[in-house]
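Please have a look at the sequence and the structure first.

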Amino acid sequence: MSAKAISEQTGKEFLYKFIFSSAAVQNRFRYANVTPETNFDKLTQEHPWLLTERLVVKPDQLIKRRGKLGLVGVNLDLNGVKNWLKPRLNKEATVGKAKGILKNFLIEPFVPHKQEEEFYVCIYAAREGDYILFHHEGGVDVGDVDAKAQKLLIRVDEKIDEDQVKKALLTKAPNDKRAVLASFIVGLFNLYEELFFTYLEINPLVVTKDGVYVLDMAAKIDATADYICKAKWGDVEFPPPFGREAYPEEAYIADLDAKSGASLKLTLLNPRGRIWTMVAGGGASVVYSDTICDLGGVNELANYGEYSGAPSEQQTYDYAKTILSLMTREKHPDGKVLIIGGSIANFTNVAATFKGIVRAIKDYQEPLKEHEVTIFVRRGGPNYQEGLRVMGEVGKTTGIPIHVFGTETHMTAIVGMALGHKPIPIQPPVAAHTANFLLNSNTTSVRRAIQESCCTLSVTVCALSPQSSKSTVLFTKQTKAMVWGMQTRAVQGMLDFDYVCSREEPSVSAMIYPFTGDHKQKFYWGHKEILIPVYKNMGDAMKKHPDVDVLISFASLRSAFESTMETMEYPQIQTIAIIAEGIPEAHTRKIIKAADEKGITIIGPATVGGIKPGCFKIGNTGGMLDNILASKLYRSGSVAYVSRSGGMSNELNNIISRTTDGVFEGVAIGGDRYPGSVFTDHVLRYQDTPGVKMIVVLGEIGGTEEYKICEAIKQGRVTKPVVCWCIGTCATMFSSEVQFGHAGACANQASETAVAKNKALKEAGAFVPKSFDELGDIIKNVYDDLVAKGVIQPAEEVPPPTVPMDYSWARELGLIRKPASFMTSICDERGQELLYAGMPITEVFKTEMGLGGTLGLLWFQRRLPRYACQFIEMCLMVTADHGPAVSGAHNTIVCARAGKDLISSLTSGLLTIGDRFGGALDAAAKQFSKAFDSGMLPMEFVNKMKKDGKLIMGIGHRVKSINNPDMRVQILKDFVKQNFPSCQLLDYALEVEKITTSKKPNLILNVDGFIGVAFVDLLRTCGGFTRDEADEFVDIGALNGIFVLGRSMGFIGHYLDQKRLKQGLYRHPWDDISYVLPEHMSM
């Protein structure tokens, strides 16, 4: 939702902080908040004026007409305020149909004034601009301000000035107050624009000789502008409508939504209700609520919500478990039902999202059975057959009654089944995978047949509507488009649609992506690979592709405004589809204004796009090829539709294909309050398009655009049959306001309700069903009548060409298998959380296993004992560095001084590690283990190595000796002796050391040798490895990894040190080189 109500306290805080006006605004920041937990002694310390002034007290909970309801205490002292609050604070009150607890009150100074000093001012947003209403008589009895007030429209991008305000609004205001009022109203309007308000009402606004007082205020702000206004707004709290509690679960889902690119919504209506929903899609969620209420379930409907926009498995799991947790807290005598519904998805992988729901059902299977929950599922879209199969299987394995249906069942039919109004049919088994797309052997003849059947659609000249300069024909078989954004899946979907429609050339000419350089991107055209250019700069793309007249923008909500405004600078563009949801309304209105001035059609924002079967589709519209084929969108039909919802437009494709000869064109204008094009724009286009024989409109609660259709029908401008249904009829049955999934789905007055609009449409002559359930029947009846009259002559069905399926999608569906190029068993980053050897990263941190424990997971796939983790960390510490003179450090330093980068310098040092430097850990472990395991005595081992002419690895040091011991070895030895359960190999090595040092004092067990033998003891005795596993880790070189990892820290240190010291290129001095050349030989 975009426009969200804020508390009076928040609204006044914004006004006092940021208004800029010469009018003296009084009582700034003089308010105190009272809740059931308030300590009045502390409150008076924070606000001493409470003890000395007369006061006003009122609830601050989005309650309208508080004065009329007796909910304002006036001219009281503090004791009077306390007495007034006693019967009200934390008590239930009824406001209209809503019952709620009064628990948040505002105390302000009382302002003595005369009635003639009260005024009314209101600013609210509309499509064409912002209206300012002013009435010279404000207060409780202001009455119908729409009829009484003077009104001034400030159009989009226009500025306001005081003279304009005086002339248009203040003609009836007292002369001595006009200047103050004009200054204040101008300042208020500028504040309204700057802070992205969508509604701001002050009644009364009091103007006395001392200045301006804002007594009562109601306001809404555009929540989507948070990324723009965060610095000024701060953390805004949006209170729920009066009569509905703010539940922590709602806040949890809102937080998930904010962190996700998907859409997740939850509103609790009646936590004790028996009917729960989990619906995919903003439009579909409203339709399901409508149907439940139509069938008498309004009092048992527990929640409203939606999940859409391709949430991940984890996000769907989190959403589903929240619903299941809520519905299994209290039992219902009749049991409970869960409706998992949705329209046909355009791009969401249904099976993937259902995996999350299935996980949640398995986790809650016992509570679900205990509460006698029955689940009804209906879904369609990509991979939906697999999703339904998995959902059916979980019902069988858990014993929970789960009834599963696909696209063959009307979308809301499961509601009637769940509520006992319809029998539950026995379904045949659902296909295990999606339709076969493999290439047809007779492609050429099929392509020619479809081309001939669609030839009437190949219109190259755009006809113009007599009402505007915008095109009547948006898309043809020759339409060329650009795509803004690296949306390769959507582009491939468009190309596959083009191919199946037998287009001669791809509809996508180029892509624009500012975050990379110019390059080419590979796609498929049928079975062939083609390249589509990607441009960094829009100007370059437009210059090189002058035939492009459509731009499809996948820009984010933050960049969509700028990129769209830039697009409209190029005259070749006639149509722009804006997919992003959450663009601030003020930005959208600027886009609309610019588009109207330039004759450009805007589809969106917050849309999936549109489709013209046989010609062109926008992005992900129509879903994947299986749905394109099932809904016969590869060839033209006779029915054109316009909808707000993208998901519901796909459902209309399904309904129309089953009840008529198919879709001629369909557009989803988007769910925002101000879509770029409105219903009538497209209805009038369809009226003027010969191929369209009937029109379907799926309207929605909120706004008044549907009334323009009524007028067009009454005036004879629209003569073709119009079937229309407005969703959101349930809203009038709820006791408190509910914001539905679409930003524009909210009625601000009676005429904006779905019920009122359906009634008006029927009276105007449109065909209006009794409910969405009957929409398909009405469409069929109208279509059959047109066929009977000869208006429609259904064309003969032509089979479409088939398209090869993408490898990745075929694998997703389980149709193919292929050996993996890589195997891994230590880490998995694919899920919601990174796994180390199966352990979630959050657990790694919770258990505080440290670097040693992490190394244990990634190297050894084990959770090692604490002492083992500590030993690994000690080994890394003691091997980290041994001065600049050793070969590895020397190489690193030379490279660093030669100007090489960190990676090159580090690699140079690491390449010196081997048997002679640092690589003795593995060799020492192997030599000592072999001797110990074969039963050799230490003396025998020493003698054998001497006889074989081999060095004992891990024995000997250039500097340290028995008389000058290496403290690193001593530290490690003390730790091992104290903590290891056994150290037989170390003891054996120390016996060897006694023998070698008796011959020469520097033949000690060095740090490499010590770590090597001690690590073998660790692997063999810690209890985590078999003997074979321990030996395998030694054989594959794991122990040398300790030295490499530890010494890398030191090498990096040397690199940084040389850079910090700004050392120049190293050249070895001549006097440190012995030049040994061959003597001169003469002939």
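**Backbone details and a domain interface**

Let me begin with Asn 90, which counts as partly exposed because its relative accessibility is 45%, a value that lies between the 20% and 50% limits for that class. Please keep in mind throughout that this is a predicted model. Asn 90 sits in the loop that connects H3 with strand E5, the latter covering residues 91-95, and its phi is near 65°, a positive value in a residue that is not glycine. I point this out because most residues other than glycine have a negative phi.

A second residue of this kind is Gln 861, whose phi, near 55°, is likewise positive although the residue is not a glycine. Gln 861 is placed in the loop between helix H28 (850-860) and helix H29 (866-878), and with a relative accessibility of 36% Gln 861 counts as partly exposed.

Going back to helix H3, which comprises residues 78-85, we find Gly 80 within it. Is Gly 80 buried or exposed? Gly 80 is buried, because its relative accessible area is 17% and the limit for that class is under 20%. The C-alpha atom of Gly 80 is separated by 9.8 Å from that of Val 57, a residue 23 positions away along the chain.

Staying with the backbone, there are two peptide bonds that I would like to show you, given that most peptide bonds are trans. Asn 203 and Pro 204 are joined by a cis peptide bond, with omega at about 0°, and Pro 204 belongs to strand E11, residues 197-208. Gly 604 and Pro 605 are also joined by a cis peptide bond, again with omega at about 0°, but here the proline, Pro 605, is in the loop between strand E26 (601-603) and strand E27 (610-612).

Now for the overall picture. The protein has 1083 residues, of which 55% count as buried, and its secondary structure amounts to 38 helices and 35 strands. The C-alpha trace extends over about 115 × 90 × 80 Å along its principal axes. If we take the contacts between residues at least 6 apart in sequence, 73% of them join residues at least 24 apart.

The domain assignment divides the protein into domain 1 (3-225), domain 2 (248-421), domain 3 (481-789), domain 4 (819-850) and domain 5 (864-1061).

How many residues of domain 2 are in contact with domain 3? There are 31 of them, and they meet 32 residues of domain 3. The area buried between domain 2 and domain 3 is about 2,600 Å², with carbon and sulfur atoms giving 59% of it. Between these two domains, 17 residue pairs are counted as being in polar contact. On the domain 2 side, helix H9 (282-294) and strand E16 (303-308) each supply at least two of the residues that touch domain 3, and H9 gives the most, with ten residues. By type, the residues on that side divide into 14 nonpolar, twelve polar and five charged.

Finally, one salt bridge is found across the interface of domain 2 and domain 3. As for a salt bridge to look at in the model, Arg 378 forms one with Glu 651, and the closest N and O atoms of that pair are 2.8 Å apart.

Terms used: Residues are numbered from 1 along each chain as its sequence is written. This is a predicted model: local features need pLDDT of at least 70, side-chain atom pairs count only at pLDDT 80 or more; totals for chains, interfaces and linings use all residues. Side-chain values use heavy atoms; hydrogens and water are left out. Domain bounds come from an automatic or database domain assignment. Contact means heavy atoms within 4.5 Å. Buried area is the accessible area (1.4 Å probe) that two parts lose on being put together, summed over both. A salt bridge is a side-chain nitrogen of Lys or Arg within 4 Å of a carboxyl oxygen of Asp or Glu. A polar contact is a pair of N or O atoms within 3.5 Å; within protein, one must be able to donate a hydrogen and the other to accept it, and residues adjacent in sequence count only if both atoms are side-chain atoms. Helices (H or I, at least four residues) and strands (E, at least two) are DSSP runs, numbered from the N terminus. Ala, Val, Leu, Ile, Met, Phe, Trp, Tyr, Cys and Pro count as nonpolar, Asp, Glu, Lys and Arg as charged, and the others, Gly among them, as polar. Buried means under 20% relative accessible area, exposed over 50%, partly exposed in between (1.4 Å probe, protein chains only).
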